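Student: I have a new structure open and would like to walk through it with you. Could we start with the strands?

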Amino acid sequence: MKINYKFLLAGSILAIGTMALLAQSVNKREAERVALATSPVVAQEVKHKSEEWARYYPRQYSSWKKTKESDKLEDALADKPQLPVLWAGYGFAKDYNMPRGHYYALQDNVNSLRTGAPVDGKTGPMPTACWTCKSPDVPRIQERDGELEYFTGKWAKYGHEIVNTIGCANCHSNETGELTVRVPHLNRALKAAGLPTFEESTHQEKRSLVCAQCHSEYYFKKTEWTDKNGKKKVANVVTYPWANGLTVEGAEKYYNDINFTDWTNKISKTKMLKAQHPGYAIFKTGIHGQKGVSCADCHMPYTQEGSVKYSDHQLQSPLNTMDRSCMPCHRESEKKLTSIVHRKYERREQLDELTMDNLAKAHLEVAKAMEVGATDEELAPVRADIRSAQWKWDYAVASHPAFFHAPEESLRILSMANEGAMQARLKVVGVLAKHGVMNYEAPDFSSKDKAQALAGVPYEKLVDEKMKFKATLEKEWYKQAEKNGNLNAAKSRVGLDNTETAYSKDGKKKEMKKEAAPAPVAEAPVQTATDAPASY
């Protein structure tokens, strides 16, 4: 047999070349894997800027930037107009939107009518504590100025410094990349509840606790202290009510025992409690929490790229990543699981609407009772029921995904809330009857405009003031932050200056209505200011 050495040589060269390329690819992937496994150090002075982490953690940073895609702004007050009545006299009656991507967390805080329209660092309605869960600049300032100094003063005090939205340094060590929590209030709460501190917890538990540093019920505990110059001050320290356990009843008892009130409802004069997204506590009561599943398992599923495995930092609904979030554990089809989730949501929504309606009517019926002469003593049992019922309702729904995290617990709490609201209404009927009022019907609160009018919200005035703030002081904050080296606006503020707000949407709707309206027909001379009566 004649051997064709030319073909044999060519084949050998081709095989050797292919093997060389394969070896090069393997070596490249291995080098990449080793490089990723070797923890780089992000400089201390820039760790609050997430873009500084990108060179070392490009995949994580790239996926985190995709939180910008969760940009839909939903006006909760328009969708659920009972809310301004329930929160009358409180900031949430002015403006409240459903949560969206972390990319927008800080800007939405700045845009909110709740944070007001300060003209300098010492004005405005809110304390500095309102920044706490919105930025890696917060632990930077706490470490620099001290925790109590950070919690002292007005929200606008740090407007020029808290300019980077939730990012890498909120959850990771800049030296090792490991999970960490730098805000002290979480460990204080864990100790109060008799639980292991963050440092004592397992890695799997830490994958939820980094979320718990923000997604937990809290209040601002007034704390007297003296600064280094001997000046006495009062700090509003973020504090979790976990001393009686991580339950709705435990937190309510905690607040009642210290006689705490968030605000007094402007309509019913009831001393109220406001729940603040108790997501972690409710999650722990559900089947996933009980089985040791972490927040990150579902909301930040592992992703494989070649030899590199990393957590997806897009932080979104697991329904968008079911192949990685759900299917590794569940054996049902994606379609079936999705239908189960939607059914849980529908059940929660039905009971939520019933409870809100009863609570809103209870507030308005108490207002009528006051109008006809009912005393505080007569109304005390009614107000006690309203306070307790609305606290439970708020606790069940303020953690938006609770309907899935712990459906049984959510419906249990909502059922108690609705029962409490109905008991309040039954009692106030008796008070009204005693004062000669029968068959009273609460005023219409079927739209945001009507509900805010009942709540006494000067909406247009608040919007005008906010727009002036945004055109002046807010712009100065970013200029100063860039000058001080704390902000790289070209990378971290893309699209944020013109992000949509509930009031910008309202303004567009009004303009559309104005354009669609027929031109008025003049039927009589218009009265001028000089012709007007003295009371004009």
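Tutor: Strand β1 (residues 219–226) and strand β2 run antiparallel and are joined by 8 bridges; two strands pair if DSSP finds at least two bridges between them. This is a predicted model, in which local features need pLDDT of at least 70 and side-chain atom pairs count only at pLDDT 80 or more, while totals for chains, interfaces and linings use all residues. Residues are numbered from 1 along each chain as its sequence is written, and side-chain values use heavy atoms, with hydrogens and water left out.

Student: Which residue in β2 is the bridge partner of K222?

Tutor: The partner of K222 is N236. Strands here are DSSP runs (E, at least two residues), and helices are runs of H or I with at least four, numbered from the N terminus.

Student: How many residues of β2 are buried?

Tutor: In β2 (residues 232–239), 6 of the 8 residues are buried, where buried means under 20% relative accessible area, exposed over 50%, and partly exposed in between, with a 1.4 Å probe and protein chains only. Between β1 and β2 the hairpin has 5 residues, and G230 takes a positive phi near 85° there.

Student: Switching to helices, which residues of α22 are buried?

Tutor: In α22 (residues 473–483) they are L473, E474, W477, Y478 and A481. Seen down the helix axis, these buried residues fall within an arc of 145°, so they line one face of α22; the arc is that of the directions from the helix axis to the C-beta atoms.

Student: What do they pack against, and what is on the other side?

Tutor: The buried residues of α22 pack against α5 (105–111) and α21 (459–471), whereas K479 and K483 are exposed on the other side. After α22 comes G485, whose phi is positive, near 80°.

Student: And Q390, is that buried or exposed?

Tutor: Q390 counts as buried because its relative accessibility is 0%, and its place is in helix α17 (residues 376–398). Leaving aside neighbours within four places in sequence, Q390 is in contact (heavy atoms within 4.5 Å) with L86, W87, W263, M272, L359 and H363. The side chain of Q390 also reaches the backbone oxygen of L86 at 2.9 Å.

Student: Where does pLDDT stay under 50?

Tutor: That happens over residues 521–536, for which the model has 2 contacts beyond four places in sequence. pLDDT is the predictor's confidence in each residue, from 0 to 100, and where it is low, the predicted coordinates should not be read in detail. The protein chain averages a pLDDT of 92, and 89% of the residues score at least 70.

Methods. Polar contact = N/O pair within 3.5 Å; in protein donor to acceptor, adjacent residues only side chain to side chain.
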